[in-house]
Amino acid sequence: MDFDLTAEQRTAQAGFRQWVEQHVVPVADANDNREQTPPDLIAKLAAPGYLGALVAKEYGGEGMDALTWGLLCEEVGRGSASLLSLLTVHGMVIQSIAKWGTAAQRARWLPVLATGETIGAFGLTEPNVGSDAKSIQSIAVAQPDGSYVLNAEKRWISFGASANLILVIAKVNEKPTGFLVERNMPGFSSEPIYGMLGFRSANIARLIMRDVIIPPENLVGKVGFGFSHIAGTALDHGRYCVGWGCVGLAQAALDASLSYSGERYQFDVTLNKHQLIQEMLAEMIVNVKAARMLNYHSAFLKDRGDPSLIMETSMAKYFASRVAAQVTNAAVQIHGANGCSSDYPVQRYYRDAKIMEIIEGSNQMQQIIIAKSGYQQHLVAKRAARRSSAIEGEGK
Amino acid sequence: MGTIEEAVRGFLWQFISDQEVEGDHDLFGSGMVNSLFAMQLVLFVEKQYGITVANEDLDYENFKSVNAIVAFIQSKQ
Ligand SMILES: Cc1cc2nc3c(=O)[nH]c(=O)nc-3n(C[C@H](O)[C@H](O)[C@H](O)COP(=O)(O)OP(=O)(O)OC[C@H]3O[C@@H](n4cnc5c(N)ncnc54)[C@H](O)[C@@H]3O)c2cc1C
(Lines give C-alpha, C1' and ligand atoms only; values in the text may rest on other atoms or scores of the structure.)
Protein backbone atom coordinates (compact mmCIF):
# COMPACT_ATOMS: atom_id res chain seq x y z
CA MET A 1 0.00 0.00 0.00
CA ASP A 2 1.42 3.34 -1.06
CA PHE A 3 0.41 6.39 0.96
CA ASP A 4 2.78 8.75 -0.82
CA LEU A 5 1.57 11.55 -3.03
CA THR A 6 3.16 11.71 -6.47
CA ALA A 7 5.55 14.58 -7.22
CA GLU A 8 2.76 16.29 -9.23
CA GLN A 9 0.29 15.91 -6.38
CA ARG A 10 2.80 17.37 -3.92
CA THR A 11 3.44 20.34 -6.17
CA ALA A 12 -0.30 20.84 -6.66
CA GLN A 13 -0.89 20.63 -2.90
CA ALA A 14 1.79 23.23 -2.19
CA GLY A 15 0.22 25.49 -4.83
CA PHE A 16 -3.26 25.12 -3.29
CA ARG A 17 -1.88 25.88 0.15
CA GLN A 18 -0.12 28.99 -1.01
CA TRP A 19 -3.19 30.17 -2.93
CA VAL A 20 -5.41 29.72 0.14
CA GLU A 21 -2.90 31.53 2.37
CA GLN A 22 -2.77 34.44 -0.05
CA HIS A 23 -6.39 34.80 -1.15
CA VAL A 24 -8.67 33.12 1.38
CA VAL A 25 -7.23 33.22 4.89
CA PRO A 26 -6.88 37.05 4.98
CA VAL A 27 -10.53 37.67 4.00
CA ALA A 28 -12.39 34.67 5.44
CA ASP A 29 -13.43 36.32 8.71
CA ALA A 30 -14.44 39.56 7.00
CA ASN A 31 -16.58 37.67 4.48
CA ASP A 32 -18.11 35.69 7.34
CA ASN A 33 -19.02 38.98 9.07
CA ARG A 34 -20.38 40.47 5.87
CA GLU A 35 -22.27 37.24 5.15
CA GLN A 36 -21.16 37.27 1.57
CA THR A 37 -18.55 35.84 -0.77
CA PRO A 38 -17.80 38.73 -3.11
CA PRO A 39 -17.57 38.14 -6.87
CA ASP A 40 -13.88 39.05 -6.92
CA LEU A 41 -13.03 36.08 -4.67
CA ILE A 42 -15.01 33.79 -6.98
CA ALA A 43 -13.06 35.23 -9.93
CA LYS A 44 -9.82 34.54 -8.04
CA LEU A 45 -10.94 30.95 -7.49
CA ALA A 46 -11.63 30.60 -11.20
CA ALA A 47 -8.31 32.10 -12.33
CA PRO A 48 -6.04 29.13 -11.51
CA GLY A 49 -8.68 26.73 -12.89
CA TYR A 50 -10.02 25.57 -9.52
CA LEU A 51 -13.66 25.94 -10.57
CA GLY A 52 -12.92 23.74 -13.56
CA ALA A 53 -10.84 21.23 -11.62
CA LEU A 54 -13.30 18.42 -12.32
CA VAL A 55 -14.08 19.32 -15.90
CA ALA A 56 -12.31 17.15 -18.47
CA LYS A 57 -9.50 18.81 -20.42
CA GLU A 58 -11.42 18.46 -23.68
CA TYR A 59 -13.99 20.90 -22.25
CA GLY A 60 -11.38 23.34 -21.01
CA GLY A 61 -11.06 22.05 -17.46
CA GLU A 62 -8.17 20.68 -15.43
CA GLY A 63 -9.33 17.04 -15.46
CA MET A 64 -7.96 16.55 -11.94
CA ASP A 65 -7.67 13.10 -10.44
CA ALA A 66 -9.80 12.39 -7.37
CA LEU A 67 -6.95 12.64 -4.88
CA THR A 68 -5.64 15.97 -6.19
CA TRP A 69 -9.20 17.29 -6.12
CA GLY A 70 -9.50 16.08 -2.53
CA LEU A 71 -6.31 17.92 -1.62
CA LEU A 72 -7.75 21.10 -3.13
CA CYS A 73 -10.95 20.68 -1.11
CA GLU A 74 -8.90 20.14 2.05
CA GLU A 75 -6.90 23.31 1.52
CA VAL A 76 -9.90 25.46 0.63
CA GLY A 77 -11.76 23.98 3.63
CA ARG A 78 -8.83 25.03 5.80
CA GLY A 79 -9.29 28.62 4.67
CA SER A 80 -13.06 28.93 4.50
CA ALA A 81 -15.84 26.36 4.75
CA SER A 82 -18.15 28.78 2.93
CA LEU A 83 -15.82 28.97 -0.06
CA LEU A 84 -15.43 25.20 0.06
CA SER A 85 -19.20 24.97 -0.34
CA LEU A 86 -18.87 26.80 -3.66
CA LEU A 87 -16.45 24.13 -4.88
CA THR A 88 -18.91 21.54 -3.57
CA VAL A 89 -22.12 22.71 -5.23
CA HIS A 90 -20.45 23.94 -8.43
CA GLY A 91 -18.78 20.53 -8.68
CA MET A 92 -22.10 18.78 -8.06
CA VAL A 93 -23.52 20.42 -11.16
CA ILE A 94 -20.39 19.66 -13.17
CA GLN A 95 -20.37 16.00 -12.18
CA SER A 96 -24.07 15.52 -12.92
CA ILE A 97 -23.77 17.07 -16.37
CA ALA A 98 -20.50 15.25 -17.15
CA LYS A 99 -21.98 11.90 -16.17
CA TRP A 100 -25.61 12.14 -17.20
CA GLY A 101 -25.84 15.10 -19.56
CA THR A 102 -26.30 14.77 -23.29
CA ALA A 103 -23.39 15.57 -25.62
CA ALA A 104 -25.05 18.92 -26.32
CA GLN A 105 -25.37 19.71 -22.59
CA ARG A 106 -21.74 18.82 -21.98
CA ALA A 107 -20.63 21.02 -24.88
CA ARG A 108 -22.80 23.91 -23.78
CA TRP A 109 -22.24 23.92 -20.04
CA LEU A 110 -18.92 22.31 -19.12
CA PRO A 111 -16.68 24.95 -20.75
CA VAL A 112 -18.48 27.86 -19.06
CA LEU A 113 -18.62 26.03 -15.72
CA ALA A 114 -14.88 25.39 -16.04
CA THR A 115 -14.05 29.07 -16.44
CA GLY A 116 -16.52 30.20 -13.79
CA GLU A 117 -18.44 32.26 -16.32
CA THR A 118 -21.36 30.13 -15.16
CA ILE A 119 -21.64 29.27 -11.47
CA GLY A 120 -23.59 26.18 -10.48
CA ALA A 121 -25.74 25.42 -7.44
CA PHE A 122 -27.76 22.41 -6.32
CA GLY A 123 -31.42 22.68 -5.33
CA LEU A 124 -32.89 19.67 -3.57
CA THR A 125 -34.00 20.81 -0.09
CA GLU A 126 -37.39 22.49 0.36
CA PRO A 127 -39.14 24.24 3.24
CA ASN A 128 -41.02 21.04 4.14
CA VAL A 129 -38.56 18.43 2.91
CA GLY A 130 -34.96 17.84 3.96
CA SER A 131 -33.72 14.36 4.85
CA ASP A 132 -36.76 12.65 3.34
CA ALA A 133 -35.73 13.91 -0.08
CA LYS A 134 -37.95 11.47 -1.96
CA SER A 135 -40.95 13.46 -0.72
CA ILE A 136 -40.09 16.69 -2.51
CA GLN A 137 -43.07 18.78 -3.46
CA SER A 138 -41.61 20.67 -6.43
CA ILE A 139 -43.55 19.80 -9.55
CA ALA A 140 -42.74 19.97 -13.25
CA VAL A 141 -45.50 19.33 -15.76
CA ALA A 142 -44.62 18.03 -19.23
CA GLN A 143 -46.02 20.11 -22.09
CA PRO A 144 -47.01 18.88 -25.55
CA ASP A 145 -44.02 20.69 -27.11
CA GLY A 146 -41.55 18.74 -24.93
CA SER A 147 -40.92 21.55 -22.45
CA TYR A 148 -41.81 21.47 -18.74
CA VAL A 149 -43.52 24.00 -16.50
CA LEU A 150 -41.74 24.07 -13.17
CA ASN A 151 -43.19 25.21 -9.86
CA ALA A 152 -40.74 24.84 -7.02
CA GLU A 153 -39.47 26.35 -3.82
CA LYS A 154 -36.00 25.42 -2.63
CA ARG A 155 -34.43 26.49 0.64
CA TRP A 156 -30.95 26.74 2.14
CA ILE A 157 -29.34 26.66 -1.28
CA SER A 158 -25.60 27.37 -1.06
CA PHE A 159 -24.62 30.05 -3.56
CA GLY A 160 -28.28 30.17 -4.55
CA ALA A 161 -28.12 33.95 -4.23
CA SER A 162 -25.54 34.26 -7.00
CA ALA A 163 -25.33 31.05 -9.06
CA ASN A 164 -26.71 31.28 -12.58
CA LEU A 165 -27.25 27.56 -13.26
CA ILE A 166 -29.14 25.55 -10.66
CA LEU A 167 -29.62 21.81 -10.82
CA VAL A 168 -33.15 21.50 -9.42
CA ILE A 169 -34.79 18.21 -8.50
CA ALA A 170 -38.56 18.16 -9.03
CA LYS A 171 -41.21 15.56 -9.75
CA VAL A 172 -42.78 14.86 -13.12
CA ASN A 173 -45.85 12.67 -12.57
CA GLU A 174 -44.45 11.64 -9.18
CA LYS A 175 -41.12 10.73 -10.77
CA PRO A 176 -38.02 12.59 -9.47
CA THR A 177 -36.28 14.44 -12.29
CA GLY A 178 -33.30 16.78 -12.64
CA PHE A 179 -33.59 20.14 -14.43
CA LEU A 180 -31.05 22.82 -15.24
CA VAL A 181 -32.69 26.08 -14.25
CA GLU A 182 -31.09 29.28 -15.49
CA ARG A 183 -31.28 32.41 -13.36
CA ASN A 184 -32.54 34.52 -16.24
CA MET A 185 -35.52 32.26 -16.94
CA PRO A 186 -38.81 34.14 -16.42
CA GLY A 187 -40.46 33.12 -13.14
CA PHE A 188 -37.19 32.41 -11.31
CA SER A 189 -36.24 34.49 -8.29
CA SER A 190 -34.01 34.15 -5.24
CA GLU A 191 -33.93 35.71 -1.78
CA PRO A 192 -30.73 35.71 0.24
CA ILE A 193 -30.88 34.11 3.70
CA TYR A 194 -28.94 35.92 6.42
CA GLY A 195 -28.19 35.16 10.04
CA MET A 196 -27.05 31.55 9.62
CA LEU A 197 -24.95 29.90 12.35
CA GLY A 198 -22.23 28.86 9.91
CA PHE A 199 -21.45 28.97 6.20
CA ARG A 200 -22.31 32.63 6.57
CA SER A 201 -20.54 33.68 3.42
CA ALA A 202 -21.99 30.85 1.32
CA ASN A 203 -24.49 33.20 -0.36
CA ILE A 204 -27.32 30.98 0.88
CA ALA A 205 -30.74 31.62 -0.60
CA ARG A 206 -34.31 30.59 -0.98
CA LEU A 207 -35.18 29.93 -4.61
CA ILE A 208 -38.64 30.42 -6.02
CA MET A 209 -39.72 29.08 -9.39
CA ARG A 210 -43.19 30.08 -10.54
CA ASP A 211 -44.35 28.63 -13.87
CA VAL A 212 -40.80 28.57 -15.17
CA ILE A 213 -40.72 27.12 -18.67
CA ILE A 214 -37.87 24.62 -18.91
CA PRO A 215 -36.94 23.67 -22.48
CA PRO A 216 -36.42 19.95 -23.15
CA GLU A 217 -32.68 20.48 -23.56
CA ASN A 218 -32.47 21.44 -19.87
CA LEU A 219 -33.70 18.07 -18.63
CA VAL A 220 -30.75 16.18 -17.08
CA GLY A 221 -30.83 12.43 -17.65
CA LYS A 222 -34.32 11.05 -17.95
CA VAL A 223 -37.59 11.50 -16.10
CA GLY A 224 -37.58 9.29 -12.99
CA PHE A 225 -33.80 9.23 -12.56
CA GLY A 226 -33.49 12.58 -10.79
CA PHE A 227 -33.01 11.15 -7.36
CA SER A 228 -31.30 7.78 -7.82
CA HIS A 229 -28.83 8.82 -10.52
CA ILE A 230 -28.67 12.61 -10.94
CA ALA A 231 -28.85 13.63 -7.28
CA GLY A 232 -27.07 10.34 -6.48
CA THR A 233 -24.06 11.43 -8.51
CA ALA A 234 -24.22 14.98 -7.19
CA LEU A 235 -24.49 13.95 -3.54
CA ASP A 236 -21.71 11.40 -3.76
CA HIS A 237 -19.51 14.15 -5.11
CA GLY A 238 -20.79 16.52 -2.40
CA ARG A 239 -19.98 14.09 0.39
CA TYR A 240 -16.51 13.51 -1.03
CA CYS A 241 -15.78 17.22 -1.21
CA VAL A 242 -17.23 17.91 2.25
CA GLY A 243 -15.31 14.97 3.76
CA TRP A 244 -12.04 16.50 2.57
CA GLY A 245 -13.16 20.02 3.49
CA CYS A 246 -13.82 18.84 7.05
CA VAL A 247 -10.24 17.59 7.29
CA GLY A 248 -9.05 21.04 6.24
CA LEU A 249 -11.38 22.77 8.69
CA ALA A 250 -10.24 20.50 11.54
CA GLN A 251 -6.60 21.02 10.54
CA ALA A 252 -7.08 24.79 10.70
CA ALA A 253 -8.52 24.48 14.21
CA LEU A 254 -5.68 22.17 15.23
CA ASP A 255 -2.99 24.50 13.82
CA ALA A 256 -4.54 27.46 15.63
CA SER A 257 -4.62 25.46 18.87
CA LEU A 258 -1.03 24.28 18.59
CA SER A 259 0.07 27.83 17.98
CA TYR A 260 -2.02 29.42 20.73
CA SER A 261 -1.26 26.81 23.38
CA GLY A 262 2.45 27.26 22.72
CA GLU A 263 2.28 31.01 23.35
CA ARG A 264 -0.29 31.59 26.03
CA TYR A 265 0.98 31.42 29.64
CA GLN A 266 -1.15 30.36 32.57
CA PHE A 267 0.29 29.23 35.91
CA ASP A 268 3.76 30.30 34.66
CA VAL A 269 3.92 27.82 31.81
CA THR A 270 2.48 27.76 28.33
CA LEU A 271 -0.89 26.06 28.00
CA ASN A 272 0.61 23.14 26.11
CA LYS A 273 2.59 22.16 29.22
CA HIS A 274 -0.66 21.36 31.04
CA GLN A 275 -1.53 17.71 30.68
CA LEU A 276 -5.27 18.31 30.26
CA ILE A 277 -4.49 20.53 27.28
CA GLN A 278 -2.12 17.88 25.95
CA GLU A 279 -4.93 15.37 26.11
CA MET A 280 -7.08 17.64 23.95
CA LEU A 281 -4.25 18.24 21.50
CA ALA A 282 -3.46 14.53 21.24
CA GLU A 283 -7.10 13.69 20.51
CA MET A 284 -7.22 16.43 17.89
CA ILE A 285 -4.01 15.33 16.18
CA VAL A 286 -4.97 11.67 16.01
CA ASN A 287 -8.55 12.32 14.89
CA VAL A 288 -7.50 14.67 12.11
CA LYS A 289 -5.06 12.05 10.86
CA ALA A 290 -7.71 9.32 11.02
CA ALA A 291 -10.22 11.47 9.12
CA ARG A 292 -7.62 12.22 6.47
CA MET A 293 -6.87 8.51 6.06
CA LEU A 294 -10.54 7.70 5.46
CA ASN A 295 -10.62 10.38 2.78
CA TYR A 296 -7.45 9.01 1.20
CA HIS A 297 -9.18 5.65 1.04
CA SER A 298 -12.24 7.02 -0.70
CA ALA A 299 -9.96 8.93 -3.11
CA PHE A 300 -8.20 5.68 -3.93
CA LEU A 301 -11.53 3.95 -4.61
CA LYS A 302 -12.81 6.90 -6.64
CA ASP A 303 -9.79 6.90 -8.90
CA ARG A 304 -10.42 3.19 -9.52
CA GLY A 305 -14.19 3.59 -10.00
CA ASP A 306 -14.80 0.96 -7.33
CA PRO A 307 -18.51 0.61 -6.41
CA SER A 308 -17.64 0.56 -2.70
CA LEU A 309 -16.61 4.21 -3.03
CA ILE A 310 -20.22 5.27 -2.40
CA MET A 311 -20.35 3.78 1.10
CA GLU A 312 -16.72 4.56 1.93
CA THR A 313 -17.29 8.20 0.98
CA SER A 314 -20.35 8.31 3.20
CA MET A 315 -18.24 6.97 6.07
CA ALA A 316 -15.43 9.43 5.40
CA LYS A 317 -17.88 12.36 5.36
CA TYR A 318 -19.58 11.11 8.52
CA PHE A 319 -16.36 10.63 10.45
CA ALA A 320 -14.62 13.76 9.18
CA SER A 321 -17.59 16.00 10.00
CA ARG A 322 -17.76 14.58 13.53
CA VAL A 323 -14.03 15.11 13.91
CA ALA A 324 -14.38 18.68 12.62
CA ALA A 325 -17.10 19.33 15.19
CA GLN A 326 -15.05 17.84 18.06
CA VAL A 327 -11.77 19.44 17.07
CA THR A 328 -13.21 22.90 16.56
CA ASN A 329 -15.03 22.61 19.88
CA ALA A 330 -11.73 21.77 21.59
CA ALA A 331 -10.03 24.62 19.73
CA VAL A 332 -12.48 27.15 21.21
CA GLN A 333 -11.91 25.60 24.64
CA ILE A 334 -8.14 25.93 24.33
CA HIS A 335 -8.49 29.57 23.25
CA GLY A 336 -10.76 30.41 26.20
CA ALA A 337 -12.45 33.80 25.87
CA ASN A 338 -10.23 34.71 22.94
CA GLY A 339 -11.71 31.73 21.11
CA CYS A 340 -15.18 33.17 21.58
CA SER A 341 -14.22 36.53 20.12
CA SER A 342 -14.01 37.74 16.57
CA ASP A 343 -10.26 38.34 17.06
CA TYR A 344 -9.62 34.65 16.40
CA PRO A 345 -11.04 32.45 13.62
CA VAL A 346 -11.71 29.41 15.83
CA GLN A 347 -15.24 30.58 16.59
CA ARG A 348 -15.94 30.55 12.84
CA TYR A 349 -14.45 27.08 12.52
CA TYR A 350 -16.71 25.87 15.33
CA ARG A 351 -19.84 27.34 13.74
CA ASP A 352 -18.97 26.01 10.29
CA ALA A 353 -18.20 22.53 11.63
CA LYS A 354 -21.72 22.21 13.01
CA ILE A 355 -23.08 22.74 9.49
CA MET A 356 -20.88 19.93 8.18
CA GLU A 357 -22.83 17.46 10.36
CA ILE A 358 -26.09 18.50 8.69
CA ILE A 359 -25.35 18.97 4.97
CA GLU A 360 -24.98 16.40 2.16
CA GLY A 361 -27.15 13.99 4.10
CA SER A 362 -27.21 14.66 7.85
CA ASN A 363 -25.08 12.47 10.07
CA GLN A 364 -28.18 10.58 11.21
CA MET A 365 -28.85 9.70 7.56
CA GLN A 366 -25.24 8.54 7.20
CA GLN A 367 -25.54 6.45 10.36
CA ILE A 368 -28.64 4.74 9.00
CA ILE A 369 -27.01 3.73 5.71
CA ILE A 370 -23.67 2.84 7.31
CA ALA A 371 -25.33 0.56 9.87
CA LYS A 372 -27.49 -1.10 7.20
CA SER A 373 -24.55 -1.60 4.89
CA GLY A 374 -22.44 -2.98 7.76
CA TYR A 375 -25.12 -5.58 8.50
CA GLN A 376 -25.32 -6.58 4.83
CA GLN A 377 -21.55 -7.01 4.73
CA HIS A 378 -21.81 -9.16 7.85
CA LEU A 379 -24.39 -11.41 6.17
CA VAL A 380 -22.28 -11.65 3.03
CA ALA A 381 -19.26 -12.69 5.12
CA LYS A 382 -21.35 -15.27 6.96
CA ARG A 383 -22.66 -16.66 3.70
CA ALA A 384 -19.14 -16.89 2.26
CA ALA A 385 -17.95 -18.69 5.41
CA ARG A 386 -20.89 -21.17 5.17
CA ARG A 387 -20.06 -21.82 1.53
CA SER A 388 -16.37 -22.39 2.09
CA SER A 389 -17.01 -24.77 5.00
CA ALA A 390 -19.53 -26.65 2.80
CA ILE A 391 -16.91 -26.93 0.03
CA GLU A 392 -14.31 -28.12 2.54
CA GLY A 393 -16.85 -30.71 3.81
CA GLU A 394 -17.39 -31.98 0.28
CA GLY A 395 -13.63 -32.37 -0.16
CA LYS A 396 -13.30 -34.64 2.88
CA MET B 1 -14.66 -17.06 -14.97
CA GLY B 2 -18.34 -17.20 -14.02
CA THR B 3 -21.19 -16.01 -16.16
CA ILE B 4 -22.43 -12.44 -16.26
CA GLU B 5 -25.49 -13.57 -14.35
CA GLU B 6 -23.34 -15.06 -11.57
CA ALA B 7 -21.36 -11.84 -11.33
CA VAL B 8 -24.53 -9.72 -11.19
CA ARG B 9 -26.04 -11.97 -8.54
CA GLY B 10 -22.77 -11.90 -6.60
CA PHE B 11 -22.89 -8.11 -6.62
CA LEU B 12 -26.57 -8.05 -5.70
CA TRP B 13 -26.03 -10.30 -2.70
CA GLN B 14 -24.12 -7.54 -1.03
CA PHE B 15 -27.37 -5.58 -0.85
CA ILE B 16 -30.11 -8.16 -0.43
CA SER B 17 -28.17 -10.76 1.58
CA ASP B 18 -30.02 -14.02 1.96
CA GLN B 19 -33.09 -13.20 -0.12
CA GLU B 20 -33.48 -15.32 -3.23
CA VAL B 21 -34.54 -13.45 -6.37
CA GLU B 22 -36.07 -14.71 -9.56
CA GLY B 23 -34.32 -13.51 -12.71
CA ASP B 24 -37.13 -11.14 -13.63
CA HIS B 25 -38.05 -9.97 -10.13
CA ASP B 26 -38.43 -6.17 -10.05
CA LEU B 27 -35.61 -5.09 -7.71
CA PHE B 28 -36.52 -1.42 -7.42
CA GLY B 29 -40.30 -1.76 -7.59
CA SER B 30 -40.27 -4.29 -4.76
CA GLY B 31 -38.21 -1.94 -2.57
CA MET B 32 -35.53 -4.62 -2.17
CA VAL B 33 -32.76 -2.15 -2.89
CA ASN B 34 -32.40 1.54 -2.08
CA SER B 35 -31.41 4.49 -4.23
CA LEU B 36 -27.74 4.20 -3.21
CA PHE B 37 -27.78 0.79 -4.88
CA ALA B 38 -28.56 2.43 -8.22
CA MET B 39 -25.27 4.33 -8.38
CA GLN B 40 -23.31 1.37 -7.05
CA LEU B 41 -24.83 -0.78 -9.78
CA VAL B 42 -23.72 1.75 -12.39
CA LEU B 43 -20.17 1.67 -10.99
CA PHE B 44 -20.17 -2.13 -10.83
CA VAL B 45 -21.27 -2.49 -14.45
CA GLU B 46 -18.74 0.10 -15.59
CA LYS B 47 -15.79 -1.28 -13.68
CA GLN B 48 -16.47 -4.97 -14.15
CA TYR B 49 -17.23 -4.80 -17.87
CA GLY B 50 -15.36 -1.69 -18.97
CA ILE B 51 -18.50 -0.07 -20.37
CA THR B 52 -19.86 3.41 -19.82
CA VAL B 53 -23.40 3.91 -18.62
CA ALA B 54 -24.61 7.26 -19.96
CA ASN B 55 -27.66 9.39 -20.61
CA GLU B 56 -29.15 7.17 -23.31
CA ASP B 57 -28.93 4.12 -21.03
CA LEU B 58 -31.13 5.67 -18.35
CA ASP B 59 -34.02 3.36 -18.94
CA TYR B 60 -35.66 1.50 -16.11
CA GLU B 61 -35.85 -1.56 -18.36
CA ASN B 62 -32.04 -1.79 -18.25
CA PHE B 63 -31.75 -2.10 -14.50
CA LYS B 64 -34.97 -3.41 -13.05
CA SER B 65 -34.09 -7.10 -12.63
CA VAL B 66 -31.18 -9.53 -12.77
CA ASN B 67 -32.20 -10.57 -16.29
CA ALA B 68 -32.50 -6.94 -17.38
CA ILE B 69 -29.05 -6.05 -16.05
CA VAL B 70 -27.49 -9.10 -17.73
CA ALA B 71 -29.17 -8.24 -21.05
CA PHE B 72 -28.03 -4.63 -20.73
CA ILE B 73 -24.40 -5.64 -20.14
CA GLN B 74 -24.52 -8.03 -23.09
CA SER B 75 -25.98 -5.36 -25.34
CA LYS B 76 -23.13 -2.98 -24.46
CA GLN B 77 -20.31 -5.47 -24.98
C1 LIG C 1 -25.56 26.01 5.51
C2 LIG C 1 -26.41 25.06 4.76
C3 LIG C 1 -26.24 24.93 3.39
C4 LIG C 1 -27.06 24.08 2.64
N5 LIG C 1 -26.92 24.00 1.29
C6 LIG C 1 -27.80 23.26 0.56
C7 LIG C 1 -27.74 23.24 -0.86
O8 LIG C 1 -26.87 23.86 -1.47
N9 LIG C 1 -28.66 22.50 -1.54
C10 LIG C 1 -29.65 21.79 -0.91
O11 LIG C 1 -30.46 21.16 -1.57
N12 LIG C 1 -29.73 21.78 0.46
C13 LIG C 1 -28.82 22.50 1.19
N14 LIG C 1 -28.90 22.51 2.58
C15 LIG C 1 -29.95 21.75 3.22
C16 LIG C 1 -29.44 20.45 3.85
O17 LIG C 1 -29.15 19.52 2.84
C18 LIG C 1 -30.53 19.96 4.81
O19 LIG C 1 -30.51 20.84 5.89
C20 LIG C 1 -30.31 18.54 5.28
O21 LIG C 1 -30.54 17.62 4.24
C22 LIG C 1 -31.24 18.18 6.44
O23 LIG C 1 -32.57 18.51 6.15
P24 LIG C 1 -33.42 19.43 7.14
O25 LIG C 1 -32.58 20.59 7.52
O26 LIG C 1 -34.72 19.69 6.50
O27 LIG C 1 -33.60 18.57 8.44
P28 LIG C 1 -34.70 17.43 8.69
O29 LIG C 1 -34.69 16.46 7.58
O30 LIG C 1 -35.98 18.06 9.06
O31 LIG C 1 -34.07 16.73 9.96
C32 LIG C 1 -33.99 17.35 11.24
C33 LIG C 1 -33.17 16.47 12.15
O34 LIG C 1 -33.80 15.19 12.26
C35 LIG C 1 -32.90 14.18 11.86
N36 LIG C 1 -33.64 13.13 11.17
C37 LIG C 1 -34.45 13.24 10.08
N38 LIG C 1 -34.93 12.04 9.73
C39 LIG C 1 -34.43 11.14 10.60
C40 LIG C 1 -34.53 9.72 10.75
N41 LIG C 1 -35.22 8.98 9.90
N42 LIG C 1 -33.88 9.13 11.78
C43 LIG C 1 -33.11 9.87 12.62
N44 LIG C 1 -32.97 11.20 12.54
C45 LIG C 1 -33.61 11.83 11.53
C46 LIG C 1 -31.89 14.86 10.95
O47 LIG C 1 -30.65 14.17 10.93
C48 LIG C 1 -31.77 16.21 11.60
O49 LIG C 1 -30.86 16.12 12.66
C50 LIG C 1 -28.05 23.32 3.32
C51 LIG C 1 -28.20 23.43 4.71
C52 LIG C 1 -27.39 24.28 5.42
C53 LIG C 1 -27.57 24.37 6.90
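Which residues do ring pairs link into a cluster?

1. This is a predicted model. In chain B, the cluster linked by ring pairs consists of B:Phe11, B:Phe15, B:Phe28, B:Phe37, B:Phe44, B:Tyr49 and B:Tyr60. Over all chains, the structure holds 14 aromatic pairs.

2. One of these pairs is B:Phe11 with B:Phe44, which is stacked, with 4.3 Å centre to centre and 10° between the planes. B:Phe11 belongs to helix H1 (residues 4-16) of chain B and B:Phe44 to helix H2 (residues 35-49) of chain B, so this contact ties together parts that are 33 residues apart in sequence.

3. B:Phe44 also pairs with B:Tyr49; here the ring centres are 6.3 Å apart and the planes stand at 90°, so the geometry is edge-to-face. The cut-off for edge-to-face is over 60 degrees between the planes.

4. B:Tyr49 has a relative accessible area of 18% and is buried; the cut-off for buried is under 20%.

5. Within chain A, A:Lys99 lies over the face of A:Trp100, at 5.1 Å from the ring centre.

6. On strand pairing in chain A, strand S2 (residues 139-142) and strand S3 (residues 148-157) pair in the antiparallel sense over four bridges. The two form a hairpin with five residues between them. In the turn, A:Gly146 has a positive phi of about 95°.

7. Strand S3 of chain A is also joined to strand S7 (residues 205-214) of chain A, by seven bridges, and these two run antiparallel. Which residues are the bridge partners of A:Val149? A:Val149 is the partner in S3(A) of A:Val141, and its partner in S7(A) is A:Ile213. As background, side chains in a regular strand alternate between the two faces of the sheet.

Notes: Residues are numbered from 1 along each chain as its sequence is written. Chains are lettered from A and ligands numbered from 1 in the order in which they are written. This is a predicted model: local features need pLDDT of at least 70, side-chain atom pairs count only at pLDDT 80 or more; totals for chains, interfaces and linings use all residues. Side-chain values use heavy atoms; hydrogens and water are left out. Rings of Phe, Tyr and Trp (its six-membered ring) pair if their centres lie within 6.5 Å; planes under 30 degrees apart count as stacked, over 60 as edge-to-face and the rest as tilted. Buried means under 20% relative accessible area, exposed over 50%, partly exposed in between (1.4 Å probe, protein chains only). A charge sits over a ring if NZ of Lys or CZ of Arg is within 6 Å of the ring centre and within 35 degrees of the ring normal. Two strands pair if DSSP finds at least two bridges between them.
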